[in-house]
Amino acid sequence: KERRNTEIGDRSWRRWECFLREWGVVGDPFLDSVTSDEERVLLARGYVSYHRSFDFNPQGEATSKRSKPMVSATIRDAISSVASTFRKCGRSSPFHLQNGVHDTGSIHPRIRLMIRGYERNDPPPRRQKAVTPAFLLVLVNYA
């Protein structure tokens, strides 16, 4: 599971760096040169929309528009992974409000609203139905 989380984090970071390059923020993945909080949030919101809307190659570059938007849970994972990298490097996440406790905070309200809107448009989850004890008895008796 840890390896999977590491791959998700690496993939999300590659996509973040490619997104920033496309928007002219080159060589500054931690947004050190972007001093305005509004601009940082604008870039974070752009990344959320970008991540939901495109397919990506292994290097993290957008290749084509998705036929179906990425589901909100995957977007949350991407945000979490990128924010985690910011924090591991001692930087504040552009996706979160800063509250003074190690520069961590709750997700920015504008980003939270975007994700809520995406959740409303996501297809319902396809849950696997549980096997009932009665069905198991039928199978045992059948064998």
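**Pockets and cysteines**

Helix 1 gives the most to the lining of the largest pocket: 7 residues. Helices here are DSSP runs of H or I with at least four residues, numbered from the N terminus. This is a predicted model, where local features need pLDDT of at least 70, side-chain atom pairs count only at pLDDT 80 or more, and totals for chains, interfaces and linings use all residues. Residues are numbered from 1 along each chain as its sequence is written, and side-chain values use heavy atoms, with hydrogens and water left out.

Back to that pocket. Its lining has 13 residues, with N5, T6, G9, S81 and K88 nearest the centre. Helix 1 (2-22) and helix 3 (72-88) are the elements that give two or more residues to this lining. A pocket is an open set of points on a 1 Å grid where a 1.4 Å probe fits, with protein on both sides within 12 Å along at least five of seven lines; lining residues have an atom within 4 Å of a point. The volume is about 260 Å³.

Next, the second largest pocket, at about 170 Å³. Its lining includes D37, E38, R40, H96 and H108.

Now the cysteines. How many disulfides does the structure hold? The count is 0, with a disulfide being a pair of cysteine sulfur atoms within 2.5 Å. C18 is buried (under 20% relative accessible area), at 4%.

Terms used: Buried < 20%, exposed > 50% of the residue type's maximum accessible area, 1.4 Å probe, protein only. Points joined across faces, edges and corners; volume = space filled by probe spheres on them.
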